[in-house]
Amino acid sequence: MENQEKKHKRRIRYSGAYPKNYKEKYKELNPEKYADTVSRVIEKGSTPAGMHISICVKEILDFLQIKPGQTGLDATLGYGGHTQEMLKCLQSKGHLYALDVDPIESAKTKERLEKLGYGEDILTIRLQNFADIDLVARDAGRFDFILADLGVSSMQIDNPDRGFSYKTEGPLDLRMNPQKGISAAQRLKNIFREELMGMLQENSDEPYAKEISQEIVSRLKKGGHIETTGELRQAIEDALSFLPAPERKEAVKKSCQRTFQALRIDVNSEFEALYALMEKLPQVLAPNGRAAILTFHSGEDRIVKKSFKQFYKEGIYSEISDEVIRPSAEECARNSRARSTKMRWAIRAAD
């Protein structure tokens with residue numbers, strides 16, 4: 001019998017005291033193995049690479065009032081943090097359905113939750129858009145509680161291969177499901193200046209929409225490329241070069257955030273999906289059923305607020321939140337990505 005020697009695989013080396021690149025953060029990417037490292041990163045107010053810290057957990061659970069035996073829906077599974085907390089409330093009685101359109105992250109989350117003991121007897125995960133919430137209800141029946149966290153998961157933002165962040169170099173993709181539709185880079189190739197300007201204004205309230213759209217379209221027409229996050233960031237910097245130096249850096253940063261947001265919303269048809277969700281929500285909620293929605297920018301919040309008010313006036317909802325609920329100051333200090341969060345809720349009237 002031949003002895004096969006296993007080659008020793010050296011860990012990734014990085015310069016400096018701490019890893020900076022996504023793939024170098026091998027400890028953060030293995031929370032089960034390096035729990036101490038992950039805890040230290042969280043304590044510093046950062047989100048570990050490959051993870052997502054759930055927002056407004058206490059506020060959500062306080063409102064939903066989940067009871068054992070109920071049937072619920074997490075319309076946005078993500079890393080599964082909210083899902084796990086809701087499953088705890090069910091105490092192995094009842095059922096929770098969870099949806100996600102990201103085949104990469106949902107598979108990881110399913111495996112993670114299964115290891116915690118949440119199998120198909122209590123949890124059903126579907127690779128499905130929440131716009132089709134009515135199709136889920138056909139099989140599950142009407143839901144006693146529903147949660148939709150509309151934020152992009154940190155796992156997607158931090159991974160440069162997904163192209164969600166202007167801060168790291170990567171392909172300009174921005175799709176929640178990279179196996180469907182066209183990437184943001186492809187979307188830009190054939191776009192008209194007026195169309196792009198309208199997208200930036202409607203999807204992110206970009207004040208420099210005219211200048212940015214003109215620079216992008218002009219660059220592409222001249223044979224330039226905008227295939228990566230860095231190339232788009234450079235186009236935005238060039239578009240805002242007319243600004244005075246003292247204010248340019250911050251303006252570029254904010255315009256990058258808004259432009260990436262606007263493109264992400266467009267390539268994923270996020271507003272269309274949200275409109276469908278809000279329209280179908282009353283149909284799939286059980287009498288006295290409760291729904292909570294977390295939004296992260298004004299466009300989303302306007303859609304949710306308007307829908308809740310409309311159905312409340314029609315008597316379909318018996319009660320809605322008068323004001324938005326925000327994360328506590330302590331939570332925002334612990335998790336900077338919570339700062340823009342707004343929570344609204346509604347209670348279905350009894351039939």
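Asn177 is buried, at 11% relative accessibility; buried means under 20% relative accessible area, exposed over 50%, and partly exposed in between, with a 1.4 Å probe and protein chains only. This is a predicted model, in which local features need pLDDT of at least 70 and side-chain atom pairs count only at pLDDT 80 or more, whereas totals for chains, interfaces and linings use all residues. Residues are numbered from 1 along each chain as its sequence is written, and side-chain values use heavy atoms, with hydrogens and water left out.

**Overall architecture**

- The chain contains 14 helices and seven strands; these are DSSP runs numbered from the N terminus, with helices (H or I) of at least four residues and strands (E) of at least two.
- Of the 351 residues in the chain, 51% are buried.
- Among contacts with a separation of 6 or more, 70% join residues 24 or more positions apart; contact means heavy atoms within 4.5 Å.
- The chain has an accessible surface of about 18,500 Å², and carbon and sulfur atoms account for 47% of that surface; the areas come from the Shrake-Rupley method with a 1.4 Å probe, and for residues only the protein chains shown count as cover.

- Rolling a probe the size of a water molecule over the atoms shows where empty space is left.
- The largest cavity holds about 40 Å³ of space; grid points are joined across faces, edges and corners, and a volume is the space filled by probe spheres set on the points.
- Its lining consists of Lys110, Glu114, Tyr118, Gly119, Glu120, Leu123 and Ile125, where lining residues have an atom within 4 Å of a point.
- Helix H4 (103-115) and strand S3 (123-127) are the elements that give two or more residues to the lining of the largest cavity.
- By class, three nonpolar, one polar and three charged residues form this lining; Ala, Val, Leu, Ile, Met, Phe, Trp, Tyr, Cys and Pro count as nonpolar, Asp, Glu, Lys and Arg as charged, and the others, Gly among them, as polar.

**Cysteines**

- A disulfide is a covalent bond between the sulfur atoms of two cysteines.
- The count of disulfides is zero, a disulfide being a pair of cysteine sulfur atoms within 2.5 Å.
- Cys56 is in no disulfide, and the nearest cysteine sulfur, that of Cys332, is 8.0 Å away.
- Cys56 is buried, with a relative accessible area of 0%, while Cys89 is partly exposed at 21%.

**Buried positions and their contacts**

- Asn177 lies in the loop between helix H6 (154-158) and helix H7 (184-189). Not counting residues up to four places away in sequence, Asn177 touches Val101, Pro103 and Asn268.
- His82 belongs to helix H3 (residues 81-90) and is buried, with a relative accessible area of 8%. Leaving aside neighbours within four places in sequence, its contacts include Ser54, Ile55, Val57, Asp74, Asp149 and Leu294. His82 and Leu61 stand 21 residues apart in sequence and 9.1 Å apart in space, C-alpha to C-alpha.
- Gly78 is located in the loop between S1 and H3 and is buried, with a relative accessible area of 8%. Apart from neighbours within four places in sequence, Gly78 is in contact with Asp100, Thr109, Ser153 and Met155.
- Tyr317 is in strand S6 (residues 317-320) and is buried, with a relative accessible area of 1%. Beyond residues up to four places away in sequence, Tyr317 touches several residues, among them Leu281, Phe308, Phe311, Tyr312 and Ala346. The C-alpha atoms of Tyr317 and Ala346, 29 residues apart along the chain, are separated by 6.4 Å.

**Backbone with positive phi**

- Most residues other than glycine have a negative phi.
- Gln65, although not a glycine, has a positive phi of about 50°. Gln65 lies in the loop between helix H2 (57-64) and strand S1 (71-74) and is partly exposed, with a relative accessible area of 38%.
- Ser92, also not a glycine, has a positive phi of about 65°. Ser92 lies in the loop between H3 and strand S2 (95-100) and is exposed, with a relative accessible area of 68%.

Technical notes
1 Å grid on protein atoms, 1.4 Å probe; cavity = no way out; pocket = protein on both sides within 12 Å on 5 of 7 lines; lining within 4 Å.
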